[in-house]
Amino acid sequence: MAIASVEVAPRDDVTPQIDELCEVVSSYLDPQQTGQIREACLFGARAHAGQYRKSGEPYITHPISVAKLLGEVHFDHATLMAAILHDVVEDTDHSLSDIAQRFGDEVAALVDGVTKLTQIKFGSKQEAQAENFQKMFLAMSRDLRVLMVKLADRLHNMRTLGALSPEKRRRIAHETLEIYAPIAGRLGMNYLRLQLEDLGFKALHPIRYRVLAEAVRRVRGNRKEIISQIESRISNRLAEEGIEAKVVGREKHLWGIYKKMRAKRLPFREVFDVYAFRIVVSNVDTCYRVLGTIHNLYKPYFHRFKDYISIPKANGYQSLHTVLFGPHGVPIEAQIRTRDMHIMAETGVAAHWLYKTDSGVSGPQQRAREWLTRLLEMQKRAGDSVEFLENVKVDLFPDEVYVFTPKGKIIELPRGATAVDFAYAIHSDVGSHTVAAKVDRRLSSLRTPLESGQTVEIITATTAHPNPAWLGFVVTAKARSNIHHYLKHLQREEALELGRRMLDKALLEYDTSLRDIGEDRVKVLVDSHGVENLDRVLVDLGLGKRLAALVARQLMAPPAGSAETAPEKGQGEPLIIRGTEGMVVNFGKCCRPLPGDSIIGLLTSGKGIVVHRSTCRNVRDKAAERLLGVIWSDDIDAEFPAEVRLDANNQRGVLATVAATISEADSNISNVSLDEREGNVTTMTFVLTTRSRVHLARILRRLRSIPQVLRIARTG
C-alpha cells in the first residue's frame, strides 16, 4: 500500500499531546529524530481516526502516552515510534510493510514483536495461551525493547481502567500482579513495578485498597515528627563523621504493606510501625562507612543485615540493608547505596537508555539476557508450554539465599531451595546424579532448606538417577523441569504398554485386534500422524495425548480409492484440523468456531468429529471418552461462518451502513434477521463469512466505530 508523504492534520485534535511528547524527547534526541517521532504521531493519528477508547478519548492518545512514559527514561527514537505505532497493525488497515516502508525495518520489527504480545492472556492454564507466553519470551530474547513497550503500554492501561467493566478490571489487574509487575521487578525496573503493583491492588481489591489507604493517611501525620527526628539524627551524625549523604524517609507502598500483612498475618499497626530510610552516598567505600556509623548510633537487629553490594540480586540490584532498634524501640529499616546504584535500583535495564555509557551492554541488561537464556533452555526441557508457564511463575517470585560451592563460587537460589536445587544450579548432570550432600562439611538431608552463607558440596554417582520424591521439595524451575523430563522418559515403556491395551480394547468394536491389522493399514496410520512408527502413536495413547477410539477408526478406514470409500466433505481441500486426515470433520453450528478459538472435538455417531469452541455449553456434559483435544492446522485457507448480534438506533440507512462496513472489511453476509425492540432500537443478527478470529475482531472494531451502533457481540 502506497502512503502519501503529504502531512495532514489528524481528524481528532491531539496536537497538544503530540507537542508535549516532542518537548519531552527534544531534551535528549536530535531535531531530526524528534521530527520522525512527530511524523509517527501524525501517521498513527490518521490510522486510528474515528477510533475511541472506552473513556471517550481519541484512541491515539493512548499510544502517545505510552511513548511519553518511555521518553521520560530516554529510550531511543525507534522504541518511541514503535510505541506510537504498536496498535496500528492490529487495529487498522495498515500492514507491517507500510510501517517498514515509511519508518524503517527496525521500527517495523519492534511493532511486530509488540503486536504478537497483544494476544497473550496470562493466568490461564490453556495450552494455546501458554504457547503465546513462550512466544513472548522469545521476542524478549531478541530485543528487550519489545518488552519495554509492552510494560509501558500496560502501565498506561492500568492508569485508565476506570471506563472498563468491573470483571475486566479484575482480570487485567490479576494479569498485572501475576506476571507484568514481577517481570518489571525481575528486570530491575522498580519505578514501574511499584506503580503496576499499587494500580493492580486498587483494581483487584478496591475496598481493601481504600481501607488500607485511609489507614495509612490517618497515621501518616502522627509519624512525621518521629521520621523527622530520626532523619535529623542520622544526618547530623554522618555530618560529624565528614560523610556527605542524602537521607530521606521511605514510605512503603500499599501493595507491599498488604502482602506483608497477609503473608505474616500481622495487623496493620505492626507492619506500619517500621520506619524506612534510604541513604544515598557518592561511592562504595562510603556505603560501608555509613553502615558502621549508623550501627554506632542505633543498635542493629541480629541476622537482619544483607549485603547486596558484594552479592547483587539477580536483576543487578545493589544496596546494604540493615534493621536497627530506633527510638522508643521502633524498628528502622535502612538502605545504603551509591547514586549509580540508586539509578539502577529504580530503572534497571532502562538505565542503559537513561544514562548511556561507553561500556556497551549494561550490567542489568546483561543479567536480563542471562535470565532469558536460562528460561529458553528450560523451555526446551519442559514437557509442554503449560509446564513452562508454571516454571516461569516460580522463577518470577524469588526471595534469594546465597550459598557457596567448595571453591567459593556464589550460587543464588530462591528461599526454601534445597541441596538438589543447588546441584541442578551447578549443572543438570550434577543434579541428575546426586546421591548426597554436605552442608558446611557435614552430611545433610537433601530436602533440608539451605540458608545464606552455607557451603554446599554435592556427592554424585554415575549410576544415580533423579528420584520422583524430589518433586515434593525442590523449588527451582530448573530442578523441576529436569526431573519431569527424566520421569517422562522413564514412563515411556509403561505408556507404550498401556496404549497397546487401550487400542486393542477400542478395536473390539470392529471384532479385531492390533495383531490382526495389516502392515499396510498401520503404515497409513503412522504416515497420517506424521510419526516415525506405531510405538509413537501407542505412547501418545498411553499418555492421554490421543483418543483410542479415533485411532481405531482411522486404522479400520477403507483404503483410499477402494470401492468402499465414499466421497467425504472437504477431501482434496486444505486440512483445517490437524491430525484428522481421513476423518469426516464438521463444525458446531451452536458456537461456530473460528481459527484462533480454543476448540475441542466431539465424536458423534454418523457425523465423525464435530468441532466446538472449548466454552460451548453443548460439550460440557458429554462423556469424557467422546471428547478429544484438537488444534487448528497451520496455513488454513478457508472461510467460516460467524454469528454477530448488533443493537443500533433505528435510523434510516443504518442497515445499509452496517452492510457496507462489513463488505469493506472483506466479509460477506450470508444471513441477516431484524428484531425491532422498544425504545427505537433494532437488533440485527448477521451470519458473516470470516477467515479467523482476528479477522472477526477487525470486523467488530469497524462496526463499533459506526455512530448508530450501541452494542455488538459475537454469539454462540
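Reader: What is the phi of aspartate 511 near?

Author: Phi of aspartate 511 is near 55°, which is a positive value in a residue other than glycine. Aspartate 666 also is not a glycine and has a positive phi, of about 65°. The loop that holds aspartate 666 runs between helix H27 (654–664) and strand E16 (669–677).

Reader: Is aspartate 511 buried or exposed?

Author: The cut-off for exposed is over 50% relative accessible area. Aspartate 511 has 73% relative accessibility, so it counts as exposed.

Reader: And arginine 145, buried or exposed?

Author: Buried means under 20%. Arginine 145 has a relative accessible area of 11%, so it is buried. This arginine 145 belongs to helix H9 (residues 144–159). Its side chain is joined to that of glutamate 106 by a polar contact of 2.8 Å.

Reader: How do I read the faces of a helix?

Author: An α-helix has 3.6 residues a turn, so residues three or four places apart point the same way. In helix H1 (residues 15–25), the buried residues are Ile18, Leu21, Cys22 and Val25. Viewed down the axis of H1, these fall within an arc of 95°, so they line one face of the helix. Pro16 and Glu23 are exposed residues on the face of H1 turned away from its buried side.

Reader: What covers the buried residues of H1?

Author: The cover includes helix H2 (31–47), helix H3 (61–71) and helix H4 (77–85).

Reader: Where should I look for a nonpolar core?

Author: In soluble globular proteins, nonpolar side chains tend to be buried together. Here the largest nonpolar core has 59 residues, of which Leu85 and Ile99 touch the most other members. H9 gives the most to this core, with eight residues. Another core, of 31 residues, lies apart from it; among its members are Val658, Ala665, Leu703 and Ile712.

Reader: Which parts of the model have a pLDDT below 50?

Author: Where pLDDT is low, the predicted coordinates should not be read in detail. The protein averages a pLDDT of 79, and 80% of the residues score at least 70. Residues 1–9 have a pLDDT below 50, and this stretch has 14 contacts in the model beyond near neighbours in sequence. Residues 562–574 are also below 50, with ten contacts beyond near neighbours in sequence.

How values were computed:
Residues numbered from 1 in each chain as written. Heavy atoms only, no water. pLDDT = per-residue confidence, 0-100. Contact = heavy atoms within 4.5 Å. Helix = DSSP H or I, 4+ residues; strand = E, 2+ residues; numbered from the N terminus. Buried < 20%, exposed > 50% of the residue type's maximum accessible area, 1.4 Å probe, protein only. Polar contact = N/O pair within 3.5 Å; in protein donor to acceptor, adjacent residues only side chain to side chain. Arc of directions from axis to C-beta. Core = buried A, V, L, I, M, F, W, Y, C linked by side-chain atoms within 4.5 Å.
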